[in-house]
Amino acid sequence: MSVNEKDLKALQGMWNNAKPQSDCNLPDGNYEFLIIDAVFKITANGIPQMSMVYEVVGGNETFIGEKVPQRDNLQTPENMGWFKKKLARLGITIPEDVEELMNRIPGELKGKKFVGQLKTKDEFVNVYVNKFLGDVDLGDRATSSSDAAEETTEEEAPELQVGQR
């Protein structure tokens, strides 16, 4: 089956105008987010970045549990300035030594709960930290994909401490 020239041109026009789809299903708005993962890495293009995953834990109930990947590129002074502002808003001491971006900061980002505004611009999804709400113990959240938590019998269940659920 061959495609005629006119159909091919129309198809090319649609292809050129199609925006890449985002990996986020959330409409723009305010949500309560919990940072469930954070890692510092250098991309294949040599760009230093803090790669995080936020989970919606409050706000519109329809979207609770949705995950939002966020990547803060740190290749310019302006990028670094925005990231420092995010750290400050989350109550994290801004590192003086960039090595702390690799070893201290990812661990401190995990478990931070905040009210944030999600804004989509072109195909990019940005989440702005509006208000820090507190620290959450992620506990076994990192292994929540396994059924290990459900296999605990009553005899093996750990004693709850004040502040735990």
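Tyr31, Phe33, Tyr54, Phe63 and Phe114 form one aromatic cluster. The model is predicted: local features need pLDDT of at least 70, side-chain atom pairs count only at pLDDT 80 or more, and totals for chains, interfaces and linings use all residues. Residues are numbered from 1 along each chain as its sequence is written, and side-chain values use heavy atoms, without hydrogens and water.

Across the whole structure, a search returns five aromatic pairs. Rings of Phe, Tyr and Trp (its six-membered ring) pair if their centres lie within 6.5 Å; planes under 30 degrees apart are stacked, over 60 edge-to-face, and the rest tilted. Phe33 and Tyr54 make a tilted pair, with 5.8 Å between centres and 55° between planes. This pair links distant parts of the chain, 21 residues apart: Phe33 lies in strand β1 (residues 29-42) and Tyr54 in strand β2 (residues 48-58). Strands (E, at least two residues) and helices (H or I, at least four) are DSSP runs, numbered from the N terminus. Phe33 is buried, at 0% relative accessible area. Tyr54 is buried too, at 0%. Buried means under 20% relative accessible area, exposed over 50%, and partly exposed in between (1.4 Å probe, protein chains only).

In helix α2 (residues 77-89), the buried residues are Phe83, Lys86 and Leu87. They cover an arc of only 100° around the axis, so they sit on the same side of α2. The arc is taken from the directions from the helix axis to the C-beta atoms. Pro77, Glu78 and Trp82 are exposed on the other side. The buried residues pack against β2, β3 (67-73), α3 (99-103), α4 (105-109) and β5 (124-135), where contact means heavy atoms within 4.5 Å. Just after α2, Gly91 adopts a positive phi of about 75°.
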